[in-house]
Amino acid sequence: MKVTVDMNTAMDRLNCTEKDYLKYALGGLMYTPAHNSSAADMIISRKYKGLHSMVFCLEDAIADSSEGKALEQLTETFSQLGAATLSGELNTVSMPFLFVRVKYPEQIRIVYDLIGKYGLLKGFIFPKFDTSNAQQYINYLLEINKQSADRIYGMPILESAMVSDIETRTQELAALRHITDSVKEYILNIRIGGNDFCSQFGLRRSVSNTIYDIKVVADLISDIVNVFSRDYVVSAPVWEYFEGQDATDTSWSQGLRREAELDLLNGLTGKTVIHPTQLQIINSVLEVSAEDYNDAISILDWKDELLGVAKGAAGNRMNEQKVHKNWAVKILIRAMIYGIKNTDIERKPEVCLK
């Protein structure tokens with residue numbers, strides 16, 4: 001299908017802020033242990049194509065006894081990255097967004113004191129975010145933002161029993177929404193710990209199933225989306241499978257693509273990544289079809305003063321100006337970041353950073 005409007009024209013419809021861009025731009029958020037000594041070289045060399053964002057994990061990936069060594073290595077990693085930016089070897093515009101997943105709230109202060117000076121940290125991830133610790137996470141986030149020249153974001157992970165338990169879920173989600181709303185400008189994403197939820201019920205999906213086949217967890221995801229997605233980007237749980245020794249076995253990639261498509265359909269954008277082979281699949285799912293792109297442009301640039309409905313670009317579906325406006329905004333932001341399928345249109349994310 002012909003794409004009729006260029007990207008700059010599309011972005012004129014949005015006038016979005018840095019946060020509007022960032023919250024959709026994480027794509028596959030790839031985890032690595034904080035004591036990964038090769039992480040800096042990997043980032044500087046741009047080893048993995050399509051890596052939009054990365055997390056240095058100080059929680060589950062780190063043994064309790066090795067926290068000190070992990071913090072030392074994390075400091076060394078950011079020192080190397082800082083030196084590479086000063087020398088011009090690393091371009092901060094093209095490097096992935098960097099986050100740290102802490103183990104406990106107080107660690108936010110510890111980590112920021114070690115690496116905040118390099119100006120490369122985009123934010124922190126708060127594991128097992130519930131009403132027992134949420135305010136502590138938020139207080140430390142606000143504290144370091146008073147010192148930082150650039151905004152430091154927080155990304156809570158909903159994965160605790162207080163959220164999964166049907167008897168406490170509604171009250172817990174409402175309370176967490178109230179807390180995040182109080183600092184909305186600092187909350188980049190709401191993330192879902194799908195494996196933690198599965199673990200609580202003793203369940204695990206196979207390579208031929210998606211998280212949505214596990215009804216009790218699918219219901220949890222639905223409730224989280226219901227509470228948060230009107231005002232926040234909610235990101236999808238990790239897919240456990242990746243390319244193994246048998247390169248001819250593509251069941252893992254087929255399963256990932258199927259689940260990532262269902263993520264989008266169910267209101268989730270982006271996904272936690274545990275292996276670089278997953279990145280390209282997630283990014284390709286986040287690409288926008290030419291039909292969606294053209295329809296989004298038409299909806300946001302509505303010309304008809306008499307009617308609020310019209311045929312879509314392909315002539316086979318109905319567009320409603322008011323009903324589909326929120327959808328259209330999301331489509332254009334995704335097109336800007338991830339591109340349009342089967343086209344060579346240049347993506348220009350920098351036009352969003354006003």
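Biologist: Let's start with Cys198: buried or exposed?

Modeller: Keep in mind this is a predicted model. The cut-off for buried is under 20% relative accessible area. Cys198 has a relative accessible area of 3%, so it counts as buried.

Biologist: What is the relative accessible area of Cys57, then?

Modeller: Cys57 is in no disulfide either, with the sulfur of Cys198 as its nearest cysteine sulfur. The count of disulfides comes to zero. As for accessibility, Cys57 is buried, and its value is 4%.

Biologist: On to charges. How many salt bridges does a search of the whole structure find?

Modeller: One of them joins the side chains of Asp113 and Arg109, and another joins Arg169 and Asp223. There is also a network of salt bridges linking Glu59, Asp60, Arg101, Lys128 and Asp196. For the whole structure, the search gives 20.

Biologist: Take Asp113 and Arg109. Which helix do they lie in?

Modeller: Their side chains meet at 2.8 Å, N to O. Asp113 is partly exposed at 49% relative accessibility, while Arg109 is buried at 14%. The two are four residues apart, about one turn of the helix, and that helix is H5.

Biologist: How many residues apart are Arg169 and Asp223?

Modeller: Their salt bridge is 2.8 Å, N to O. Arg169 is in helix H8 and Asp223 in helix H10, so to speak distant parts of the chain. Arg169 is buried, with a relative accessible area of 5%, and Asp223 is partly exposed at 29%.

Biologist: How many residues of the contact of H8 with H10 are nonpolar?

Modeller: H8 brings Arg169, Leu173, Leu176, Arg177 and Thr180, and H10 brings Asp219, Leu220, Asp223, Ile224, Val227 and Phe228. Of these, one is polar and four are charged. The nonpolar ones come to six.

Biologist: Which strand does Lys271 lie in?

Modeller: Lys271 meets Glu259 in a salt bridge of 2.8 Å, N to O, and both are buried. Glu259 lies in helix H11, so the pair ties together parts that are 12 residues apart in sequence. The strand with Lys271 is E8.

Biologist: Last one. Leaving aside neighbours within four places in sequence, which residues is Ile331 in contact with?

Modeller: Ile331 is found in helix H14 and is buried, with a relative accessible area of 3%. Its C-alpha atom is separated by 24 Å from that of Trp239, 92 residues apart along the chain. Contact means heavy atoms within 4.5 Å. The partners of Ile331 are Val288, Asp292, Tyr293 and Ala296.

How values were computed: Residues are numbered from 1 along each chain as its sequence is written. This is a predicted model: local features need pLDDT of at least 70, side-chain atom pairs count only at pLDDT 80 or more; totals for chains, interfaces and linings use all residues. Side-chain values use heavy atoms; hydrogens and water are left out. Ala, Val, Leu, Ile, Met, Phe, Trp, Tyr, Cys and Pro count as nonpolar, Asp, Glu, Lys and Arg as charged, and the others, Gly among them, as polar. A disulfide is a pair of cysteine sulfur atoms within 2.5 Å. Buried means under 20% relative accessible area, exposed over 50%, partly exposed in between (1.4 Å probe, protein chains only). A salt bridge is a side-chain nitrogen of Lys or Arg within 4 Å of a carboxyl oxygen of Asp or Glu.
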